[in-house]
Every structure is written in structure tokens, then in C-alpha cells.
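Reader: Could you walk me through some packing geometry here?

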Amino acid sequence: MIEVRGLEKRYGNTIVFADLDVVVHDGDVVSIIGSSGAGKSTLLRCLNLMEHPTSGQIIIDGEDILSKDTDIQHIRQKVGMVFQTFNLFDHLNVLDNVTLGPMKLLGLSRKEAEAQGMKLLQLVGLANRAAFFPDELSGGQKQRVAITRSLAMKPKILLLDEPTSALDPTMTSEVVGVIRRLAKDGMTMVIATHEMSLARTVSTSVIFMDQGRICEVGSPEDIFEHPRNECTKAFIHRTRSFNFTVSNRDFDMYRLRAGIEAFCDKHFLPAELRDKVVLLIEETLSICFDGEAGERRDMIMRAGSGMDIRIDYIEANHDIGAVLRCNAELGNPLEQDDDNDGISRMIIEGLADITEECCDDGGQKITMILKATTNGQA
């Protein structure tokens, strides 16, 4: 369906990408991952000639789209595009947004276009929103309408440029569900995404781009479980973190809890895992600030010392845990002898594997990694 040979894109002396070779077969779902600025979105825009490459060749469904004789509008009808910012017509309702293209470009009558549009809206779960206007929809619903609008043109290929980047976790799940449905139905798709869970679960193959070059191509298992290239390994094994500093016993526990929950939701961690992380931190801080030992810590913290809490999530192996960084005066909060701490310590030890190390300044670093759950993930 798509063959890219030696593609290069420059802006003046700035090289966006160079020497790209990509092959996408009928029914493939290819995810392009990589850091911001790697060239993912520009590559997609070149595939439907919203950007013209500097050199190279792009063949779509057997046609060289860079040839002077190519009918660009005909090519664009074959290749649908979904943007991260929806780009709906605000003055049209949902059904009119979906039917405008087929009537203007495909020559469908209003009756035909609306019948097709309602079937597609039903496919994405929005048939009951057909008469709504874009400002009456959530972000996830807007993106599903944008996907529907592209599908209404009956494309052979669907390009999705960061389709979930403007959405919160709940809305993201709505859009990911539609993409999975399309993948199951055999739609050929190329997706530029920063959501590793999306790339891992819907793709037939994954392309990792770095600094304008393709570093590695493989199945999701190859890329996420057994990356060969060092830059791929570094990207896949990067750690996502949430940081919070406790300066005294009057810290805002609600803010800390909300921060942990938002962090877990952002990375699509299951509710069971999120609740375990919150419980782990709550019980740890209970030991830190309850009883006589807690009063001593409170005095030390009020004098200017604090405790740093970091929640780490490693995408490659789904490990998640907490790192506590305490100064020398605070010591190890999990080694107190207060009898009231016994239940909290039991809960912590049941939840996590704990390691401790001394820091150069005499402080303590305590790492607590959640133990594996029944689904094989931490």
C-alpha cells in the first residue's frame, strides 16, 4: 500500500529526516514512535503531500505520488488524515461534518451521505450525537468524529498524527478503542504516537525514529521486549516519574494522592495498581509522622530538611515503585521501633520489595518496587 524510498525533508539547511525507507502492506497497522522532533509527524504529512519532501520516492497503492502527472486530490481521497487537534467545522453539526466531504468530492447525494454517515457514527459510538455541534462534545468525542469524517471518504489508508495527545486518559481510551476496532476490521493505518501502550497493542509493526532517521523496525514484541539498537533501548527503557517533596507533617496529602492518581492514569496503569501505589505511600508516611518518631522528624523538617518522594514507572517492563530520599537526620523511616507502626510495615512489606542504600551525604535512599500481580505486570 505504501512504499517510501530514500525520502528526505529539509527546511533550508535543517534536515528533518533523511534516507527513510518504509513499507506498509495492506491491512498493516504501523506505529511510528520516537521523541518529539524525530520527524514522525512530518513523515505522515509527506505521505499525503501536505508537505513536499525534498527528495526520494513515495508510492501509494501503486502510484508514484511525487510524479508531475499525479492527481493529488485523487491520492488524498485514498489516504485519510486524522490530526491531533480535530479540525472539525464548528458551524456544522456532527453529521454535517461527516457528510460534507462525500457530497462535495465523491458525488454522493445527501440521503446517501447521511445513511453512510450514520452507519459510521454508530461504528464509533456516536450515532446519538449526530445533531450535536463540536462545542457540545468532549475531546474524545471530537476525535472520534474526526476519524469518522476520514472514514466517510472511504480511504484505503488512514494516517493518524498523535491522535490522543490532546486528550486526558479517559478520552484517550475512547479513541484507542475505535483505533483497535479499525485495526481488527483490517484498515491499513500509519500512526505517529507517543502512547507506548497504543503502539504496543494495536500495531503489526513499530518504527522507532530518532533524530530524523529510522533506528529500528520490528514487531511490537521485538521493539518493546527485545530492542537491538542502543538508542531504541534507551527510549523504550526510559523512566516516567512523578516527584513530591514533604517538608513537614502538614503537607497536602490530598494533593499528593491526586498527583499519584493523575500520573497512573496518564500512563494507563490499572486502577488496582494505582490504588496500591497510593496505599504504599500513605502507609510509609504514616510511619514517618505518627508517634514520637514522627514528632522528631517534624522538628527536623521544620528546621529546613525534607523528604523527597518519587514515583517511577518503567514502560518496558511495567515496573512501578517509589523512591524515598531522606537526609541523614531523618534516617530510614521503615526501621523505627514504635509498636504502632507494625501494621503499616506489614502492609508495606506485603506490597513491595524494599532495598536501601546510603547516599554520599549520609542520607538514606529507600526503593520500594511493587510486587508482581496476577496479570504478570507490577
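Below we talk through a helix pair and some aromatic rings.

Author: Quick ground rules: this is a predicted model, where local features need pLDDT of at least 70 and side-chain atom pairs count only at pLDDT 80 or more, while totals for chains, interfaces and linings use all residues. Residues are numbered from 1 along each chain as its sequence is written, and side-chain values use heavy atoms, with hydrogens and water left out.

Reader: Are α3 and α4 parallel, antiparallel, perpendicular or oblique to each other?

Author: Helix α3 (residues 94–105) and helix α4 (residues 110–123) have axes 9 Å apart, at an angle of about 125 degrees. Angles under 35 degrees count as roughly parallel, over 145 as roughly antiparallel, 65 to 115 as roughly perpendicular and the rest as oblique. So α3 and α4 are oblique.

Reader: How are the rings of F208 and F235 arranged: stacked, edge-to-face or tilted?

Author: Rings pair if their centres lie within 6.5 Å; planes under 30 degrees apart are stacked, over 60 edge-to-face, and the rest tilted. F208 and F235 have ring centres 5.0 Å apart and planes at 35 degrees, so the pair is tilted.

Reader: How many residues apart in sequence are the parts that F208 and F235 tie together?

Author: F208 counts as buried (under 20% relative accessible area; exposed is over 50%, partly exposed in between, with a 1.4 Å probe and protein chains only), at 1% relative accessibility. F235 is buried too, at 7%. F208 belongs to strand β9 (residues 205–210) and F235 to helix α9 (residues 230–236), so the parts they tie together are apart in sequence by 27 residues.

Terms used: Axes are lines fitted to C-alpha atoms, for helices over the stretch in contact, and angles run from 0 to 180 degrees between N-to-C directions. Helices (H or I, at least four residues) and strands (E, at least two) are DSSP runs, numbered from the N terminus. Rings of Phe, Tyr and Trp (its six-membered ring) pair if their centres lie within 6.5 Å; planes under 30 degrees apart count as stacked, over 60 as edge-to-face and the rest as tilted.
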